[in-house]
Amino acid sequence: MDTRTAPRRIANGFAAVVTLATLLGLWALWQITTISRSVTTLAGNSVPSVVLLNKIIQANATTTRHARSLNIAEGSDEDATADEAAFRKATLIGNDLTAYYTRLSSDPEDGRLFDVAKESRGECLAAVERTVALARSGKREEALARLQTEIDPILDRTVAAFNKD
């Protein structure tokens with residue numbers, strides 16, 4: 001046995017272990033960086049987007065709920081005025097949330113889905129406005145009929161569109 005080859009073999013084995021450890025460390029660092037980017041995207045965009053979409057859905061529901069109360073209420077003008085004010089406030093809150101969400105859109109498909117949801121929301125609000133105008137002009141029966149035949153299906157489509165986004 002040649003005594004000169006043993007130290008060389010040990011050095012080559014050690015070099016192989018160091019190289020393997022270095023490559024494993026670099027791979028782990030790359031994985032950690034990828035995970036960090038994913039967590040940052042999740043915390044900075046995905047979760048806030050879902051929360052914001054939920055708030056938009058709630059604002060839409062509040063808007064239609066107050067419009068429904070306004071149409072059903074046969075009480076005083078004060079009640080109707082309070083319902084109309086709450087309806088207007090919920091509409092403005094929904095508008096603000098919708099504008100803010102536009103800045104969170106993360107990719108083209110998300111933007112496309114949100115545009116569809118926004119268009120559906122606009123259609124719903126326009127129908128609600130027409131119904132509120134009917135109720136305020138004393139045509140409550142027609143307004144109530146529109147709530148069931150026109151607004152409820154549009155609201156269902158709007159909620160579904162925001163849930164897809």
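**Helix packing in a predicted model**

Helix 1 and helix 3 pack with their axes 9 Å apart, at an angle of about 15°. The model is predicted.

Colleague: Good place to start! Are helix 1 and helix 3 roughly parallel or antiparallel to each other?

Modeller: Their packing angle is about 15°. Angles under 35 degrees count as roughly parallel. Helix 1 and helix 3 are therefore roughly parallel.

Colleague: Which residues of helix 1 make the contact with helix 3, and what is the handedness of the crossing?

Modeller: On the helix 3 side, the contact includes Phe114, Arg121, Leu125 and Val128. From helix 1 come Leu53, Ile56, Asn60, Thr63, Thr64, Ala67, Leu70 and Asn71. As for handedness, the crossing of helix 1 and helix 3 is left-handed.

Colleague: How many nonpolar residues are in that contact of helix 1 with helix 3?

Modeller: Sorted by class, the contact has 5 polar and 2 charged residues. The nonpolar residues there number 10.

Colleague: Helix 1 covers residues 5–72; how far apart are its end C-alpha atoms, and where is its kink centred?

Modeller: At 1.5 Å a residue, the 68 residues of helix 1 should span 100 Å, and the end C-alpha atoms are 97 Å apart, which agrees. Helix 1 also has a kink of about 40°. The kink is centred on Leu42.

Colleague: Now for helix 2 (residues 77–104) and helix 3 (residues 108–136): are they roughly parallel or antiparallel?

Modeller: Their axes come within 12 Å and cross at roughly 165°. Angles over 145 degrees count as roughly antiparallel. Helix 2 and helix 3 are therefore roughly antiparallel.

Colleague: How many charged residues are in the contact of helix 2 with helix 3?

Modeller: Helix 2 contributes residues including Glu84, Phe87 and Arg88, while helix 3 contributes Asp110, Lys118 and Glu129, among others. The residues of this contact divide into 8 nonpolar, 6 polar and, to give the class you asked about, 7 charged.

Colleague: Last one: how do helix 3 and helix 4 (residues 140–164) run, roughly parallel or antiparallel?

Modeller: Their axes are 9 Å apart, and the packing angle is about 165°. The crossing is left-handed, and the contact has 15 nonpolar, 3 polar and 10 charged residues. From the angle, helix 3 and helix 4 are therefore roughly antiparallel.

Key. Residues are numbered from 1 along each chain as its sequence is written. This is a predicted model: local features need pLDDT of at least 70, side-chain atom pairs count only at pLDDT 80 or more; totals for chains, interfaces and linings use all residues. Side-chain values use heavy atoms; hydrogens and water are left out. Axes are lines fitted to C-alpha atoms, for helices over the stretch in contact, and angles run from 0 to 180 degrees between N-to-C directions. Helices (H or I, at least four residues) and strands (E, at least two) are DSSP runs, numbered from the N terminus. Angles under 35 degrees count as roughly parallel, over 145 as roughly antiparallel, 65 to 115 as roughly perpendicular and the rest as oblique. Contact means heavy atoms within 4.5 Å. Ala, Val, Leu, Ile, Met, Phe, Trp, Tyr, Cys and Pro count as nonpolar, Asp, Glu, Lys and Arg as charged, and the others, Gly among them, as polar. The expected span of a helix is 1.5 Å times one less than its number of residues. The bend at a residue is the angle between axes fitted to the seven residues ending there and the seven starting there. A crossing is left-handed if the near helix is turned anticlockwise from the far one by less than a right angle, and right-handed if clockwise.
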